[in-house]
Each structure stands twice: as structure tokens, then as C-alpha cells.
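Subject: Structure for you to take over

Hello,

I am handing this structure over to you. Please open it alongside the notes below.

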Amino acid sequence: MDLFFNFIDRVFSIHVFGNMTLYQLLSTILKYVFVVIVLYFIYSIIKIIYYDVRYVIRKEKISDTYLKLISKNDEYKFKIQEYYYIGEDNSIGRDDRNTICIKDQFLSNFHARIILDKGIYFLEDLNSSNGTYLNDERIFDAIELKSKDIIKFGELKFLFINGDEND
């Protein structure tokens, strides 16, 4: 074992630049590599934070249109939010692939959708079992939504708020 350590000591004690040994050169290089890795890590974190903040700001700009839950029941056996922000194309249903996923047993997997076309929001039933209701009338085709319309999916009632309209 002493032979091994003596060999390592002789190899790393070789002078490469003036009085600088191979050990000093490698340790200096590794210090700088470590600093570069730490800086890259910090850069990655800042980049993630930047994209997250940018996404939130962009969402706030387009999220002035939303559905507000108005049939609050504490006995729901599923998670439900008070507000669901509406984008250009939103599907509503039990399936996880929907933009708005609500695990209500009275909703179909793909129950309805709300789409934006030429500045106008439309509500469309997707052949759901229990139907989609707009202001207590069942809809069968795509129908225009106006701010403060009441939409019913299964047992849930939502108030449609269009932030673009000046009421």
C-alpha cells in the first residue's frame, strides 16, 4: 500500500508550470469546474422561475373570463374549485384529459366544451348523458354565452363571467 501512495505522491508532485505541481493544477481546475456547475445550477433555477412567473402573468392576462361555482355543497365527494378560468378551447368532464376536470358522477367523461370564436364564447354539449343546461334550458347545439349566464353540468351550477364584456 505504501508503494501505491508513494507512486501517487510522485505523480502529483511533478512540477508542470514553474513551482506549480500537478496536484495544485488539478485542484484549481476542479475548483473552477465546481464553480461553473454551481453557476449553471443557479441559472437553471432562475430560468425555471422566470418561465413560471411568465406563465402566471400570461394566465392573468387571459384569465378575465371564468366559471364561478354557485351551487356549493360541502357533501361533494370530489374536489371542486370556486373558479375555473376559461381560455380559447376548454373541455369539461370527468376524464383527466379535459381542460376542466371535475370528478362528479353526473358528468360524462367529455361532457361539454366552451370555445372562443371571433371574440364570442360558445357553449356546446358533447352528447352527455345528463345534458348541459344554459339558464335552465337544455342545449343541443353550440350556443352563445353571455356574461352572467348560468350553466349547469350534472348537479353543478356555474356563473359564466366574461371579463371582456363591459356590463
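This is a predicted model: local features need pLDDT of at least 70, side-chain atom pairs count only at pLDDT 80 or more; totals for chains, interfaces and linings use all residues.

Residues are numbered from 1 along each chain as its sequence is written, and side-chain values use heavy atoms, with hydrogens and water left out.

Domains and annotations

The chain is divided into domain 1 (1-61) and domain 2 (66-161); such bounds come from an automatic or database domain assignment. The C-alpha centres of domain 1 and domain 2 are 53 Å apart.

In the model, residues 29-51 are 100% helix and 0% strand, with the end C-alpha atoms 33 Å apart. Residues 84-139 are 0% helix and 48% strand, and there the end C-alpha atoms are 21 Å apart. Helices (H or I, at least four residues) and strands (E, at least two) are DSSP runs, numbered from the N terminus.

The six-stranded sheet

An open sheet is formed by six strands in the order β4-β3-β13-β12-β9-β10, with antiparallel pairing. Two strands pair if DSSP finds at least two bridges between them. The edge strands of this sheet, β4 (83-85) and β10 (137-139), each pair on one side only. Direction ignored, neighbouring strands of this sheet are turned by 30° against each other on average (axes are lines fitted to C-alpha atoms, for helices over the stretch in contact, and angles run from 0 to 180 degrees between N-to-C directions). Within the sheet, β9 (residues 132-134) and β12 (residues 149-153) run antiparallel and are joined by three bridges. L134 has I151 in β12 as its bridge partner.

The five-stranded sheet

Another open sheet has five strands in the order β6-β5-β7-β8-β11, and its pairing is mixed. β6 (100-101) and β11 (143-144) stand at the edges with a single partner strand each, so one side of each is left without a neighbour in the sheet. β5 (residues 89-93) pairs with β7 (residues 112-117) in the antiparallel sense over four bridges, and the bridge partner of I92 in β7 is A112. β7 also pairs with β8 (residues 120-125), antiparallel, over six bridges. R113 has E124 in β8 as its bridge partner, and I114 stands opposite L123 in β8. β7 and β8 form a hairpin with two residues between them, and K118 in the turn has a positive phi of about 55°.

The second largest pocket

This pocket holds about 200 Å³ of space. Ten residues line the second largest pocket, and Y76, F78, D104, Q105 and F106 lie nearest its centre. By class, the lining has three nonpolar, two polar and five charged residues. Ala, Val, Leu, Ile, Met, Phe, Trp, Tyr, Cys and Pro count as nonpolar, Asp, Glu, Lys and Arg as charged, and the others, Gly among them, as polar. On a 1 Å grid over the protein atoms alone, a pocket is an open set of points where a 1.4 Å probe fits, with protein on both sides within 12 Å along at least five of seven lines; lining residues have an atom within 4 Å of a point. Grid points are joined across faces, edges and corners, and the volume is the space filled by probe spheres set on the points.

Regards
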